[in-house]
Amino acid sequence: MADTERYLLGLDAGNTVIKAVLFDLDGGQVARCALDGRSATPEPGHVERDLTELWANARQAIAGCLQKAGVDARQVLAVGCAGHGNGLYMLDRAGAPLVGIQSLDTRAAGLAAELDAENGDALHAICLQKPWPSQTPTLLAWIKRHRPALYDACDTVLLCKDFITYKLTGERVSEVSDMSGCGLTAMPGCTYDDRLLQLYGLADARAKLPRLIDPAEIAGHITPEAAAATGIAPGTPVIGGYFDVISSAMGSGVVGAGQASIIAGTWGINQVFSDTPVKDPKVFMVSGFGKGRFANIESSATSAANLEWYVREFVERGKHHDDPFGFCNDRMGQVQPRADDPFFHPFLYGSAQGATCRAGFYGLAGWHGEGHMLRALFEGIMFEHRRHISVLKMAGVSFDSAVLSGGGSRSPHWPQMFADCLGVPITVAETQETGALGAAIGAALALGEVDSYEEGLARMVRARTTFEPDADMHDHYGQRYARYLSLIDAMRGFWESVPFGETQV
């Protein structure tokens, strides 16, 4: 590699995996390194991570990526980080981590319902979002009520990628896409608002919120300590970064009004971009990431997290498997779809339709095997994406094509299934690392290497394949989708009768 070549480092910090990906200025992937982290469930509904491990994995991923690339650290022009939204990451006054709560956490389900009943409409009028269990301010309010000593010790509230930015730069900063996405800013201005904090019961929390900047604004520079830990040159600029759903959409080619992005990752994300935010209380959230740039989002933790659970519990069973997700795709692909296939509700980590929703397989018969169960799981996840998209359509937000990203886009079956189920063409980007690429595009914009997001996407993003819908399969999925929704209604009484989070017999 020539010494004159220049690069951008994109980081993507999900609920489990942290990735470091080096790109050239045309979006070509040069090197990648990823590490899988561990989650803990200290109590039912609690999903946490060790922030010391998160930083250890981040610095190892960065160092590994740079080592694989074999480039001089001074050739890396800037760093951009994307991370999962919501959850709660807290630092004390000295900068030591206090807790890392992930966006799969449901401990605050009761409090979310309470806040919604008391102030849901008033909150939505300001932030275009109602309280929900793993929303950052709802979790912070839960900490204040149930862990007051921890709340008092908290000096700074951050999001996932903000913690990594802090470790890289020493700056306690966040940016508008993440903070608007977690319901902590007034919309459409994307600014902090004391009225919001009062409605969440957090009137005393304003000093705990970090400095707020634009995603493509430089947040700080690599410190000597971070340089020694990661191999990045000291003084390298680090941008504010992105809520990962925004970054992944950009990395797959979506940024303009009327464009749609579907992300089949740990969370199921369904978003349509616009120049003004949709103000419909049925729409889950709106994230702003620049002047006149908004993503109207319908999402829940009902996507590939369910497949990850299946792989962990039934394929790997604690042992190494060369390609567990490939195994699942192969088994599922051996089954021809039929009207009498079983169904699956992808509610292992809750549902936007109610805190009591639970997962389950239904309609199993003696002639069904593992492939049928996996097809049901793939379908159920896809159906929940379709249900979210129907909410956007009812709010007046529609689209005639979409891009699919996230781990689900790598399946040899899922993209075609989405095209058939939704009845629109589905495009998959060339790069699999759309979240990291989106963050790199933001870094290019911050440095002036491109003049706009549109120029950055035109220069750095390329499509791999477009899947056209099959009319017969669209009808097949339409009939099964109707049964899927009916089954949810039929199960509600049972779900509500199941004690939530109780461990005593």
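This is a predicted model: local features need pLDDT of at least 70, side-chain atom pairs count only at pLDDT 80 or more; totals for chains, interfaces and linings use all residues.

Biologist: What makes strand S1 and strand S2 a pair?

Modeller: Two strands pair if there are at least two bridges between them. Strand S1 (residues 7–13) is joined to S2 (residues 17–24) by seven bridges, and the two run antiparallel. A hairpin of three residues links S1 to S2.

Biologist: In which sense does S1 pair with strand S6?

Modeller: S1 and S6 (residues 76–83) pair in the parallel sense, over seven bridges. Leu11 is bridged to Cys81 in S6.

Biologist: Why is S1 called mostly covered?

Modeller: Buried means under 20% relative accessible area, and seven of the seven residues of S1 are buried; therefore the strand is described as mostly covered. Tyr7, Leu9, Leu11 and Ala13 point one way, Leu8, Gly10 and Asp12 point the other way, and all are buried. In a regular strand the side chains alternate between the two faces of the sheet.

Biologist: How do you know that strand S7 and strand S8 pair?

Modeller: S7 (residues 88–91) and S8 (residues 97–101) share four bridges in the antiparallel sense. The cut-off is at least two, so these strands pair. Leu91 has Pro97 in S8 as its bridge partner. The two strands form a hairpin with five residues between them, and in the turn Gly95 has a positive phi of about 95°.

Biologist: Why is Trp414 called buried?

Modeller: Its relative accessibility is 1%, and the limit is under 20%, so Trp414 counts as buried. Trp414 is found in helix H13 (residues 414–422). Leaving aside neighbours within four places in sequence, Trp414 is in contact with Leu307, Phe378, Ile381, Met382 and Gly408. Met382 is 32 residues away from Trp414 along the chain, yet their C-alpha atoms are separated by 8.3 Å.

Biologist: Why is Asp193 called buried?

Modeller: Asp193 has a relative accessible area of 12%, which is under 20%, so the term applies. Asp193 is found in the loop between helix H6 (176–181) and helix H7 (194–199). Not counting residues up to four places away in sequence, Asp193 touches Ile126 and Ala186.

Biologist: Which residues touch the most other members of the largest nonpolar core?

Modeller: They are Ile262, Leu307, Met382, Trp414, Phe418 and Ile426, in a core of 49 residues. Helix H12 (residues 370–394) gives the most to this core, with nine residues. A second, separate core of 41 residues includes Phe23, Leu25, Val47 and Leu104. In soluble globular proteins, nonpolar side chains tend to be buried together.

Biologist: What makes H12 roughly perpendicular to helix H16?

Modeller: The axes of H12 and H16 (residues 471–497) come within 10 Å and cross at roughly 85°. Angles of 65 to 115 degrees count as roughly perpendicular, so H12 is given that description relative to H16. Where the helices meet, the residues of H12 include Arg375, Glu379 and Met382, and those of H16 include His476, Tyr477 and Arg480. The residues of this contact divide into six nonpolar, four polar and six charged.

Definitions and conventions
Residues are numbered from 1 along each chain as its sequence is written. Side-chain values use heavy atoms; hydrogens and water are left out. Buried means under 20% relative accessible area, exposed over 50%, partly exposed in between (1.4 Å probe, protein chains only). Contact means heavy atoms within 4.5 Å. A nonpolar core is a set of buried Ala, Val, Leu, Ile, Met, Phe, Trp, Tyr and Cys residues joined through side-chain atoms within 4.5 Å. Axes are lines fitted to C-alpha atoms, for helices over the stretch in contact, and angles run from 0 to 180 degrees between N-to-C directions. Angles under 35 degrees count as roughly parallel, over 145 as roughly antiparallel, 65 to 115 as roughly perpendicular and the rest as oblique. Ala, Val, Leu, Ile, Met, Phe, Trp, Tyr, Cys and Pro count as nonpolar, Asp, Glu, Lys and Arg as charged, and the others, Gly among them, as polar.
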